[in-house]
Amino acid sequence: MIAKVSRELVILCIALAVLWPLGVARAQGDIESLLPGIVKIVASGATKKTGTGFVVARSQGETYIVTAAHVVEGAERVSVFFYDRPSRAVPGTASRIQASDPRGLGLVTVSEAVSASVTPLALASDVRMSRGDPVKGVGHQASHGDWGVISGDVASREGSLIRIQAPVEQQTSGGPVIRDGRVVGMFVSQQPNVGIAITALAVQDYLDGALPPGAQASATAKIFSDDFSDGNADGWYYIRGGWSVGQDSGNYYLQGKGHSHARPYEGENWTAYMLEARVKLLKGGIHLEYLLSKNGGSRYYIGFREDEIYIDKQLPPDKFMTLAQARKGLTLDRWHLIQIKGKGGKIEVYVDSTKQLEYLDSSPLENGGIGFETLDDSEAYVDDVIVVPFVPHLNRPTSRSHREWGQTALALPEAKQGSGSTG
Ligand SMILES: [Ca+2]
């Protein structure tokens, strides 16, 4: 009985850890820095309509923009204008339009290359809005001009709907509502001198199902990233020295050879996060280290070879155990997008946006950083390393994530605890 109670306590703690705001990097209090992520949308067809949108994610080659459904509904052609080149129309494709819903959303995807300055706006879905809160909006309405800033304050909030006292006009539909430099909502419609917006949480919910897995990550603020485009690996240290910066057709990456580690100095206390990297395996195997303790004594390491993928765990001093493995692998000499997602002891491994392996650890490592480890007789390249936190859904205590976690955790068999001596 006592064991059961303490087990539930542990699960509760895990659930709390998952739902806690994870130090999501705060956008600067400055609206200026958000403007490159805000776009103007011109939809044409039977009628021509102008609206606003903002970038929520980028993946290799694609830029994802969220807007109000009515801006793009029924359009035959969608043109997107970015802040850095405001007169150049870039073609976009509208999808997932919540048609005939006056407060619905739509997604616009741009496949043409856009400037590196186009930064996705992080959704501050943990911010609660109340009456009187001062907010700002950005849009393209005639009275304020393109990328014009509108000021107002929250008149009321009802569930995911916010009414904002401000002179908002139609062309600002799809524009972000900003508080203290963070995106807390999106304008969807208006009434005289009132802008109607939905919360960032509602936008996040919409995106949860709408974005491809590879792009999902960028919807939240990065806590670490390095694409090595500066030609160096400043901020990284090597153990046993088999790593260096390589270059191919102007692209820089990190390359490892033989048994050796490359680890960033940053990130000893990260909790629930996703590690994303592009990895090219030339021979042998590579470990992606996850929740790596500062002294390196405890960690998960996810191994990739040509014919297998595995999740292993190390506990100090030198206890190693295999948690899960699959007879799948990486194609040699090809870049793969690898994502390792962890929350509350559950680890999921994705290769090229397809889940390959998962494991729920009943006594999970709680925090740590990341690293890369090439093995004996091995060679691998690493590029576009990104770490993003999970966005907590704090405002909904009965959300599905709560229940799923509780049930999954309780349904677990008595995992590894007693069998550690085999490790
Ligand atoms: Ca690079």
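In the predicted model, helix H3 (residues 200-210) lies across strand S11 (182-191) and strand S12 (194-199), and runs at about 50° to S12. Helices (H or I, at least four residues) and strands (E, at least two) are DSSP runs, numbered from the N terminus. Axes are lines fitted to C-alpha atoms, for helices over the stretch in contact, and angles run from 0 to 180 degrees between N-to-C directions. The model is predicted, and local features require pLDDT of at least 70, side-chain atom pairs count only at pLDDT 80 or more, and totals for chains, interfaces and linings use all residues. Residue numbers start from 1 along each chain as its sequence is written.

Within H3, Ala200, Leu201, Ala202, Val203, Tyr206 and Leu207 are buried. A residue counts as buried if 20 or more other C-beta atoms, placed from the backbone, lie within 10 Å of its own, as exposed if 12 or fewer do, and as partly exposed in between. The buried residues of H3 pack against strand S2 (48-59), strand S3 (62-68), strand S6 (105-110), S11 and S12; contact requires backbone-placed C-beta atoms within 7 Å.

The largest nonpolar core has 58 residues, and Ile65, Val72 and Val203 have the most contacts inside it. H3 supplies the largest share of this core, six residues. A nonpolar core is a set of buried Ala, Val, Leu, Ile, Met, Phe, Trp, Tyr and Cys residues joined through C-beta atoms within 7 Å. Leaving aside neighbours within four places in sequence, valine 72 is in contact with Ile41, Ala43, Thr67, Val78, Ala94, Ile97, Gly106 and Val108. A second, separate core of 42 residues includes Ile309, Ile340, Tyr350 and Phe372.

S11 and S12 also belong to a barrel closed by six strands in the order S7-S8-S9-S12-S11-S10, with antiparallel pairing. Neighbouring strands of this sheet are turned by 45° against each other on average, direction ignored. Two strands pair if DSSP finds at least two bridges between them. Strand S8 (residues 148-158) is joined to the antiparallel strand S9 (residues 161-165) by five bridges, and aspartate 153 stands opposite glutamine 165 in S9.

Four bridges connect S14 with strand S17 (residues 260-264), the two running antiparallel; the bridge partner of isoleucine 239 is histidine 261 in S17.

How values were computed: Contact = placed C-beta atoms within 7 Å.
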